[in-house]
Amino acid sequence: MKRQFLKAGFAGLLISGFLSHAAWSQSDPTGKRRITDTYAITNATIFASPGQPGTKATLLFREGVIIGMGPNLSLPKEAQLIAGDSLFIYPGFIDGASSAGITKPKDPERPKDFVSSNPPDEIAGITPWRSATDQFSITGNQVDDWRKAGFTISQVLPDGGMIPGKAAIMILGNSGSVNVIQENTALAANFSGARGMYPATAAGVIAKFRDVYQNTTLALDHSRLFASTAGVKRPEMTPTHTAMAAVVQGQIPVIFKAETELEARRAIALQKEFGFKLVLAGLDNYENVIDLIKSSGTAMLIKLQVPDDKAIKNQKTDSVTTATNAQYLRVKDAYDKALKQASLLEKAGVPFGFSTLDAKPGDAMKALRTMIKNGLTEKTALAALTTNPASILGISKFAGTIEKGKMANFVISTDSIFKEEAQIKHVVVDGYIFDYEVKKKSANGNGKTENGDATITGQWDYTSQTPAGSSGGELIIAKNGVEYTGTITYADPSGNGKVTAPIKNVSVNGKKLTFQFDVSAGGMSLTVDITGEITGNAMDGTMSVGQFGSFPLTAKLNLPSLTL
Amino acid sequence: MKKLNLILAALLGLGLNYSNAQTQKGNVLIINATVLTVTKGNLENTDVLVQNGIIRQVGKNLSAPAGVETIDASGKYLMPGIIDAHSHVALDVVNEASSPITSEVRMKDVVNPFEIGIYRALAGGVTISHAMHGSANVVGGQNATLKHRWGVKDPSDIIMQDAPRTIKFALGENPTRVHGRGNGIQPKSRMGVEAVLRNGFNEALQYKKGWETYNAAKSQKGNTKTPPAYNERLQTLADILDGKIIIHCHSYRADEIYMLINVAKDFGITKLVFQHTNEGFKVAPEIAQYTMGASVFADWWAYKMEVYYSTAFNAAILQRNGAITSINSDSAELIRHLYHEAAKTQRYGGLTDEEALAMITINPAKQLGIDDKVGSIEVGKQADLVIFEGHPLSSYTIPQMTFVDGVKYFDIKADPDDQRQFVSATEMVEPIFLHAYENHQCLQDVDEYFEAFQGAFIEEKH
């Protein structure tokens, strides 16, 4: 925590999107102090809790606490007004299990007498005494990315081995504040073994977990006897036992990272064996364990991600055998089922939250929309982002909904939040306002944004790598009305200089460019497919040549916007 | 059936969990088969009635109770489900190779019921496999005896819950290579292996005594004795000494086999089975007298130094010396044709049909401590059955149907190509290859473990 203070001044400079109204002055040499900590968002559409319809109202908050909400509030003079007429306000999202802002501590040095079959706990990844607060920085990796996606509170898990330490609930707020809401909220655990020492595998990890748990129980028995009876030898509580006591005594849950249904079953089996409170985090594949999770009363934080559709997209439609096609259908079926999982949880009545572990912040809203398209109701989606995790984390008293007296944590969007065209314009965390760039819609209103598509017109030089070696040529793309046209040169397959061919089916979608051209070789005509991703003036992609395979291709835009 | 369980569970207000989930039990009448009972001779044109997963009647002209399916096996052979006493199929982890003794590790914790190897085994008539820890450690983990109930999703539903506990031991080159050469600790030699065992058992005796002392004292008034540290590693070794666990020991050479017999005698251990037992023929009378026998390959050897002194007559010599002998696979490929492996004992050693079939049925059942439940066709036993077209010891035989607890899990006439239980949503279907060579899994997971040491490691993995 001390580190957070020290870093705050410097790190604050790095935060982009942070509203700074203060001018430089002697009493505040950093220029970071707010003029006011009272804000009113006027006449906005407020969705106070999941399932409630939006109501037009003004929202007043001071020092990070909601002090009023209604149509006819009298606003204090010091309140800074934000016109909310076109805005939609939701409770700030809560992340049940996250690694945002966490930096893995350095591995301790191995002692000289290190024996890999019996390593010290600290080296073997058994460090329940560690706290996520010591590994967290508000300016750390991905904090702003997740805040930008609407997350205002997150339970961060420490990084490490099988029992990395205790989780903490953080507010993803101002870099100048102390952002810990609660420390030691849960014990983080997972099935990853230590590298090159005991326990090295999931089987060893489960055995070691039993050992740690049982010996903590015994050490506590011993301590009680020592306290009550004279003549008992003194207890020797190791740091592991001391730190595990809160779990054994039922004060805090174990938050097990489990991605697959088998991992979920393994964690629940341990829970049944010992009776600790259990939260499962990061579930990716859980359709078959929904009933088990429900009956065992396990809290559940599913991964805020849907499977990518690459495997589905890459399925060819023609010239595949019946057997291959049958296998394709099974992958498609598995994909469809994966998208529906969240809605099945809802139907089963399991109040789940989300975990952002191993998920991508930029894809969060898209993942939510996909789940909704596949049967999850918007009400439950919002509950999984707000009230459910608040209840799982035990912070419902001050977070999860928009109510007088609760924390001023909001997601403010340009439209109804789960709509495709909705964009998050502000995120309010702890009463601090973070602004995000909103892209204007294009004139034709097809959902594409003004600056959405990369510039592709101009003269490109490309290089491709094939088994025959490196070759390259020139690519020219021009815009003709709404269509793109152009030409490409390539080394003549018959070995005489370069050939020029027209390109066709040119399409650009965001950063992705695709086009085709035909090559004649030995009386045969082949269609070459080029797909690439554009970053600035460079393209990184692949070239697929019929049944001969795909090869890497890179290109550079030398003369942008060349007109032919 | 599964649905019914769910409804029942809901009605009774019970959570559906490990302890009360019921595995499926079937009813079937198989008629007109040549029944190879293994323990009670061969019965021509005989019917077998299965009710609720148990063999109820074996006889002629049985009639099917209402609702029980009848399968006509005229001209076909019915034998007990094949039992593989040495397998690593359906395990997510095989070796916790990080310590010379890892008796606290349980294979039951890492069973994967989705592994396709289970279905392939069923297609070869195998209904039970002994999913073992690997051979990296002198004392490995506790094994799981699996019933191949293909299609269940809960790992505990493929574990044979009424089978006794077993544990893996390993002698010779594997533990000395992994720990001695790989890690510079004991055991570096066969002498070291014996020392690890004796030290382990002696420590377990002290551990047991410590708990006995504490348990006797704790309820007494004014007790000042404190509980000893819990140690499942030593507790498991103590359970072995108390006869609660059957040892299955990876071994090749006669000297190390005889060493372990002596260790067992010194510590009063009687539940001991040797695995691989390549030089078992040299110590067959000793194995017969002191142990629960040997489980061997039919004819596989010379993959490392300690497996050079070999003979295909090994199984026959052990058998005729009175040792309980079984033929095992230790391989996801061999497991598909164990009946063929058993037939090799007739070519090399001239065993009778009954002796050869016993090597893959009642004998492995005895070694796993489940011969009162499975391993032969007898009234009252669990209905694990296989129908063969052609005598199972013929080179031309083909398994037709495989039943576990009277439920049909394999039928060659209803055998779709894609039998996967779990399909990834994000991966293209890759071609699947059967590894016909070099896939003994005894040292699985060890390479990965050793990468961390940058340790030199050798190719063989048996």
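Which elements of chain B do the buried residues of α5(B) pack against? Residues are numbered from 1 along each chain as its sequence is written, while chains are lettered from A and ligands numbered from 1 in the order in which they are written. This is a predicted model, where local features need pLDDT of at least 70, side-chain atom pairs count only at pLDDT 80 or more, and totals for chains, interfaces and linings use all residues.

**View 1. Helix α5 of chain B and its packing partners.** Helices are DSSP runs of H or I with at least four residues, strands are runs of E with at least two, and both are numbered from the N terminus. Within α5(B), residues 232-241, the buried ones are Arg233(B), Leu234(B), Thr236(B), Leu237(B), Ala238(B) and Ile240(B). Buried means 20 or more other C-beta atoms within 10 Å of the residue's own, exposed means 12 or fewer, and partly exposed lies in between, with C-beta atoms placed from the backbone. These buried residues pack against β8 (139-142), β10 (165-170), α4 (190-218) and β11 (245-251) of chain B. After α5(B) comes Gly243(B), with a positive phi near 75°.

**View 2. Gln186(B) in the loop between α3 (173-183) and α4 of chain B.** Gln186(B) counts as partly exposed because it has 19 C-beta neighbours inside 10 Å.

**View 3. Where chain A touches chain B.** Here 52 residues of chain A are in contact (C-beta atoms, placed from the backbone, within 7 Å) with 45 residues of chain B. The largest share of chain A's side, 13 residues, comes from α4(A).

Key. Contact = placed C-beta atoms within 7 Å.
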